[in-house]
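Trainee: I am new to this structure. Can you take me through it in short steps?

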There are 2 protein chains.
Amino acid sequence: MKIKYELQKKDKNTKGRYGILHTNYGSFETPMFMPVGTLANVKTLTTDQVKAEGSAVILSNTYHLWLRPGEDIVQKAGGLHKFMNYDGPILTDSGGFQVFSLAKNKKKDIVEEGVHFKSHLDGRKLFLTPELSIQIQNKLDSDIAMSFDECPPASADYNYMKNSVERTLRWAKRGKDVHSNENQSLFGIIQGGAYEDLRRLSATETVKLDFDGYSIGGVANDGESKEDMYKAIDYSIPYIPEDKPRYLMGVGDPIDIIEGVIRGVDMFDCVLPTRLARHANAFTKRGKINLRNSKFKEDFTPIEDGCDCYTCTHYTKAYIRHLVTSDEALGGSLLSIHNIRFLISLTEELRKAIKEDRLLEYRDEFIKEYQFKHE
Amino acid sequence: MKIKYELQKKDKNTKGRYGILHTNYGSFETPMFMPVGTLANVKTLTTDQVKAEGSAVILSNTYHLWLRPGEDIVQKAGGLHKFMNYDGPILTDSGGFQVFSLAKNKKKDIVEEGVHFKSHLDGRKLFLTPELSIQIQNKLDSDIAMSFDECPPASADYNYMKNSVERTLRWAKRGKDVHSNENQSLFGIIQGGAYEDLRRLSATETVKLDFDGYSIGGVANDGESKEDMYKAIDYSIPYIPEDKPRYLMGVGDPIDIIEGVIRGVDMFDCVLPTRLARHANAFTKRGKINLRNSKFKEDFTPIEDGCDCYTCTHYTKAYIRHLVTSDEALGGSLLSIHNIRFLISLTEELRKAIKEDRLLEYRDEFIKEYQFKHE
């Protein structure tokens with residue numbers, strides 16, 4: 001079946017909304033944070049470890065799986081769920097963002113038919129089209145597929161952006177025309193940078209194509225300011241039907257998630273929790289901390305008091321510091337668990353705040369504590 | 001309390017024996033395989049993941065913990081169990097083997113007082129003595145500590161070996177004299193290479209010092225042959241009292257474990273399962289396989305049919321191959337889980353074989369299948 005979004009409650013003072021996303025693998029509350037499993041695994045963690053932290057949808061990357069192991073192997077395995085052992089919903093992106101960010105030397109040749117670029121692995125010539133992206137995703141058998149879009153740089157001028165938005169619309173239609181997996185939902189992607197009229201154009205025309213949900217793209221590419229991100233959301237949301245989920249792509253900073261929810265976003269994804277973990281960083285309510293810091297040498301308390309994640313209920317900062325300073329990979333795994341839980345837990349609190357009509361108060365309290373300066 | 005070994009059943013045809021090891025953290029059957037957690041973690045795995053595969057005693061390394069994070073920090077954490085979150089028994093080695101194998105450039109200066117050598121991390125000058133080794137282990141608060149011994153190379157001549165055995169005896173006594181942790185058992189180590197009279201000397205004199213258990217050392221140093229290993233065991237075991245556990249240090253090859261059990265060994269440890277895993281290798285009953293092999297590309301069966309480990313019950317060879325060829329660390333973690341379970345499971349089967357007086361038949365059947373040549 002296709003996913004179905006059910007609106008439950010709006011926050012009185014903002015565009016924030018609480019809802020339920022019904023999927024092939026159960027029903028899940030929104031707003032939600034989706035951990036990223038680029039190569040069919042959330043780095044270093046088993047799916048049981050990810051589920052234990054309350055994951056609902058997790059994300060995997062079409063471009064990466066296309067190269068390794070290839071969509072045919074995933075299909076032969078019985079689809080991505082079986083292949084990676086996840087019995088929750090999976091969303092695949094389209095590859096558009098990776099073409100933008102990972103193409104060898106960032107060189108690519110965008111033509112009407114698709115994008116010519118070279119593999120980030122071996123420089124092999126590749127050609128990805130809207131049709132191919134959807135066909136790959138059909139085979140991966142994710143629950144939610146993304147339309148193939150162009151991700152223009154933040155610095156693109158108005159004319160470039162306008163042409164790009166129009167091409168992305170044509171690509172969205174082409175992808176939708178070949179989409180053939182009845183159990184897979186397809187999202188359209190709204191682009192247009194920080195230009196109000198282009199976001200409106202992109203949103204209204206994408207909605208006319210009638211997708212199962214809508215993403216707001218182009219906010220986490222390369223150099224977008226926070227203001228531009230908020231504008232992009234504000235300029236897009238009003239045109240998305242209320243009964244469809246709204247997904248802000250690639251955003252995982254806690255304050256950005258809060259600001260996104262206030263503006264009406266339902267779904268977020270980001271590699272930030274696992275990437276920070278690999279660099280020994282942990283989210284806390286008082287901002288990020290680096291576990292390499294010698295002040296944690298004899299700190300036998302959890303990363304965050306009161307945190308219910310596996311890491312905080314079993315391990316201390318002193319132990320994790322020992323692991324990360326000794327280059328033991330378990331340190332990064334434990335930090336990934338904590339950071340993923342931190343963002344999932346944040347969305348749980350945001351849902352509660354919406355139910356209580358106190359989203360703005362929650363934001364102010366959160367920011368006050370989060371921006372606390374560590375001595 | 002100190003550990004207590006309770007002999008339950010001897011194999012009719014060999015020296016193999018089934019027993020129970022009573023510890024501060026519960027009672028466990030022997031023969032047992034002990035996974036190694038060098039730096040207070042079994043590489044890449046949580047202790048819950050290790051316990052789920054049936055671990056009893058796990059091992060940690062005094063030398064490594066002395067350098068990082070330092071025994072005082074572990075003591076302040078409440079001991080090694082609390083520090084690393086393991087509520088099963090823990091054994092610490094003495095550092096003697098690491099001085100032998102890890103000293104910078106393998107240079108060391110052995111004097112009667114102890115060993116001068118340089119840190120493998122930063123070349124800093126270090127001096128480890130029998131007393132210091134025991135004092136560090138007392139602070140680590142493991143359940144079983146090891147005496148500090150000299151690990152002579154396999155190539156050592158008779159005279160070198162004789163002097164070394166005598167020094168190790170003096171060191172064993174000095175260590176025992178300062179041992180002061182009432183909840184910690186202390187093992188003596190039998191050395192003597194493949195010389196029958198030196199093993200006898202080492203064993204009888206070590207036993208006179210009355211330890212809580214006895215290790216057979218010098219069998220996994222550097223270049224010992226299988227024959228020498230079996231001799232070392234055969235020459236040592238007869239002098240160890242039946243009511244004390246016998247631990248063969250550093251041995252994890254499946255066939256060596258079987259041969260050790262047949263010769264009367266109760267406990268084994270080795271880094272092999274995790275080290276093999278990092279190189280994409282898995283134990284199977286038909287010998288080792290390398291998961292990088294392209295023949296596993298579309299092999300949607302577990303590493304070993306019928307294996308009850310977490311990896312085999314959740315993941316396929318094709319998936320693990322995808323992970324290891326994509327340099328995803330989860331691949332190594334899943335292989336570590338399987339390999340640890342393989343050796344623990346092997347000891348379970350050996351215990352059953354002892355109970356049924358068919359240890360020799362078990363060995364022959366195992367070897368026949370294990371040496372099967374993969375096409």
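Mentor: Start with a term: a residue is buried if 20 or more other C-beta atoms, placed from the backbone, lie within 10 Å of its own, exposed if 12 or fewer do, and partly exposed in between. This is a predicted model, where local features need pLDDT of at least 70, side-chain atom pairs count only at pLDDT 80 or more, and totals for chains, interfaces and linings use all residues. Residues are numbered from 1 along each chain as its sequence is written, while chains are lettered from A and ligands numbered from 1 in the order in which they are written.

Trainee: Which residues of helix 10 of chain A are buried?

Mentor: Helices (H or I, at least four residues) and strands (E, at least two) are DSSP runs, numbered from the N terminus. Seven of the nine residues of helix 10 of chain A are buried, so the rest of the structure largely encloses this helix. They are A:Asp256, A:Ile257, A:Ile258, A:Glu259, A:Gly260, A:Val261 and A:Ile262.

Trainee: Which elements do the buried residues of helix 10 of chain A pack against?

Mentor: Contact is the test here: C-beta atoms, placed from the backbone, within 7 Å. The partners, in chain A, are strand 4, helix 9 (226-236), strand 13 (246-248), strand 14 (267-270), helix 14 (329-355) and helix 15 (359-370).

Trainee: Which residues touch the most other members of the largest nonpolar core?

Mentor: A nonpolar core is a set of buried Ala, Val, Leu, Ile, Met, Phe, Trp, Tyr and Cys residues joined through C-beta atoms within 7 Å. The largest one has 224 residues. Beyond four places in sequence, B:Phe268 touches residues including B:Phe33, B:Val251 and B:Ile257. Those with the most core partners are A:Met34, A:Leu248, A:Phe268, B:Met34, B:Leu248 and B:Phe268.

Trainee: How is chain A divided, and which element gives the largest share of the side of domain 1 that touches domain 2?

Mentor: An automatic or database domain assignment sets the bounds, giving domain 1 (4-270) and domain 2 (271-375) of chain A. Their contact takes 33 residues from domain 1 and 29 residues from domain 2. On the domain 1 side, strand 2 (17-23), strand 4 (32-35), helix 1 (47-51) and helix 10 (254-262) of chain A give two or more residues. The largest share, six residues, comes from helix 10 of chain A.

Trainee: By what turn can chain B be laid on chain A?

Mentor: The copies are superposed by least squares on the C-alpha atoms of residues with pLDDT of at least 70 in both. The RMSD is 0.0 Å and the shift along the axis is 0.0 Å. The two copies are thus related as by a two-fold rotation axis. The turn is 180°.

Trainee: How many residues does each chain give to the contact, and which helix of chain B gives the most to its side?

Mentor: The contact takes 30 residues from chain A and 30 residues from chain B. Helix 3 (71-76), helix 4 (80-84), helix 13 (317-325) and helix 14 (329-355) of chain B each supply at least two residues of the chain B side. With five residues, the most comes from helix 13 of chain B.

Trainee: Do the copies meet through the same surface or through opposite ones?

Mentor: Of the interface residues of chain B, 100% are also interface residues in chain A. The copies therefore meet through the same surface.

How values were computed. Contact = placed C-beta atoms within 7 Å.
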